There are 2 protein chains.
Amino acid sequence: MTSPETASTRATYHHGALREALIAATVALVEERGAEGVTVREAARRAGVSSGAPFRHFPTRMALMTAVAEEGMRKLAEAVDAGLAGLATDDPFARLAAIGRAYFGWAVANPTHYRVVGDRPGIDFEGSEILSGRAAAIRAEMGAIFAEARASDLLRDGDLDLIHLQARALAYGLARMHVDAHLKEWAIPPERAQAAMQAVMEDYLAGLARDPAAARAAMRRSAQA
Amino acid sequence: MTSPETASTRATYHHGALREALIAATVALVEERGAEGVTVREAARRAGVSSGAPFRHFPTRMALMTAVAEEGMRKLAEAVDAGLAGLATDDPFARLAAIGRAYFGWAVANPTHYRVVGDRPGIDFEGSEILSGRAAAIRAEMGAIFAEARASDLLRDGDLDLIHLQARALAYGLARMHVDAHLKEWAIPPERAQAAMQAVMEDYLAGLARDPAAARAAMRRSAQA
DNA sequence: ACGCGAATGTAAGCGGCGCTTAAATATCGT
DNA sequence: ACGATATTTAAGCGCCGCTTACATTCGCGT
């Protein structure tokens, strides 16, 4: 790893990359103990510095959590972009299904980290260009896909913004049901969660299409790319 | 109020209804400061007892938060039942729309309390009969409505459980987008949030119907009951 | 080469927290 | 009336977020 030595073995007075080390330590802590279990002091301990050191880089605990959320948002956006990049088709429904696949995949792989990104009262979303910017970018990307589907007459009638919000709410609801452990009640074990979420989403997307069967076929084809 | 006197004015050594007073104080704290801002000591202060007193009734902070979640679940279930009770029709879509109206209404009126009910890692959901029981009851109620719609041939084709989960995920996603302050990004101010959520939900439900126009009409009629 | 301000870290400490324990006080069944 | 039981207090432990005062190092201009 690129991470420096621990407290006892560190040679230099200055850490060198404390900011990054603290974020990494906190990300690990988040997945170990959940967001509420995160402690600035423990992150400092793991980075091998004194308990006061982090406050040079993060004046408050919330600033540290916001940086962790930024890290998550970056990786989530990367996953979504990668999902779209590795796509042979430009069929709108195939693209939407691919976004969903990447989105759910990241949420399932990093459930607690995903919660931090979504839990707005706990982070400074509006104060972070990364968070609000990337969120806006994903929204714009999906909006463009829906607009294209409408232009190509592939989409059912209805207000475009309403449909967009509906799709987004369904995706958010599915992801949150998983990370909030609501899927247990639905007799869906964790290992089947992602497949179930994707199936629900694709069924919904097919219902949006003028030609559901064609949309299903396009989504199915894109799944193997 | 039924709440007893504060610390300085209390006459008796025993509080009398400390458990209830602590829950009430914590509910107030939750809406004031959010779940993370809740402190057992502060709840004790507001109930007028020493900081050690609560631990006779709630051995841990999580037990107190679970009791608060139970309180919320009870009221949420009451709201849903009331919404269904004041309904002249037994049309499945009208009933589903009424459930959504009551559900969203409670979530909008008690956003932070709603978060506590949903945030599973923070409460002992499985250990609470009230929480898991009421959740199962609502699920059963909705399942029965969907089954009836299918039996009456009012519902489109498709797996019933998948449709049920889809509807539930959409509702949860909408409610959580609101309480997690995601709707700001969608240019939806708080005062219009509930109407927007309901519109998105009813548009979805209409799409589930064999005859969307009839379903819309039934939902519209039920809204004035 | 070096000297000095800016940046980065340490050490110590404040008040508040969750939780535990021992003792004091009230209630209740018999 | 009284002893068993339940409730509350008081004191304290270790940890927390955050602040302040001070030590060390870096980097830049001359």
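Modeller: Before anything else, a helix here is a DSSP run of H or I that is at least four residues long, a strand is a run of E of at least two, and both are numbered from the N terminus. With that in hand, A:Asp153 falls in the loop between helix 7 and helix 8 of chain A. This is a predicted model, in which local features need pLDDT of at least 70 and side-chain atom pairs count only at pLDDT 80 or more, whereas totals for chains, interfaces and linings use all residues. Residues are numbered from 1 along each chain as its sequence is written, while chains are lettered from A and ligands numbered from 1 in the order in which they are written.

Biologist: What makes A:Asp153 count as buried or exposed?

Modeller: A residue is buried if 20 or more other C-beta atoms, placed from the backbone, lie within 10 Å of its own, exposed if 12 or fewer do, and partly exposed in between. A:Asp153 has 8 other C-beta atoms within 10 Å and is therefore exposed. Its phi is near 60°, a positive value in a residue other than glycine.

Biologist: Which class, buried or exposed, does A:Ala187 belong to, and why?

Modeller: A:Ala187 has 9 other C-beta atoms within 10 Å, so it is exposed. This alanine lies in the loop between helix 8 and helix 9 of chain A, and its phi is positive too, at about 60°.

Biologist: Why is A:Ala215 called buried?

Modeller: A:Ala215 has 25 C-beta neighbours inside 10 Å, and therefore counts as buried. A:Ala215 sits in helix 10 (residues 212-223) of chain A.

Biologist: In chain B, why is helix 1 called roughly perpendicular to helix 6?

Modeller: Helix 1 (residues 18-33) and helix 6 (residues 111-118) of chain B pack at an angle of about 110°, with their axes 7 Å apart. Axes are lines fitted to C-alpha atoms, for helices over the stretch in contact, and angles run from 0 to 180 degrees between N-to-C directions. Angles under 35 degrees count as roughly parallel, over 145 as roughly antiparallel, 65 to 115 as roughly perpendicular and the rest as oblique. Helix 1 of chain B is therefore roughly perpendicular to helix 6 of chain B.

Biologist: Which residues meet there?

Modeller: B:Val27, B:Val30 and B:Glu31 of helix 1 meet B:Thr112, B:His113 and B:Val116 of helix 6 in chain B. Sorted by class, that contact between helix 1 and helix 6 of chain B has three nonpolar, two polar and one charged residues, where Ala, Val, Leu, Ile, Met, Phe, Trp, Tyr, Cys and Pro count as nonpolar, Asp, Glu, Lys and Arg as charged, and the others, Gly among them, as polar.

Biologist: How do you know that the two copies are related as by a two-fold rotation axis?

Modeller: Copies are superposed by least squares on the C-alpha atoms of residues with pLDDT of at least 70 in both. Chain A can be laid on chain B with an RMSD of 0.0 Å by a turn of 180° and a shift of 0.0 Å along the axis. The two copies are therefore related as by a two-fold rotation axis. Of the residues of chain A, A:Gly173 comes closest to the rotation axis, its C-alpha lying at 1.7 Å.

Biologist: What makes you say that the copies meet through the same surface?

Modeller: 100% of the interface residues of chain A are also interface residues in chain B, so the copies meet through the same surface. In all, 30 residues of chain A are in contact with 30 residues of chain B. The largest share of chain A's side, ten residues, comes from helix 8 of chain A, and the residues of that side divide into 14 nonpolar, eight polar and eight charged.

Note on methods:
Contact = placed C-beta atoms within 7 Å.
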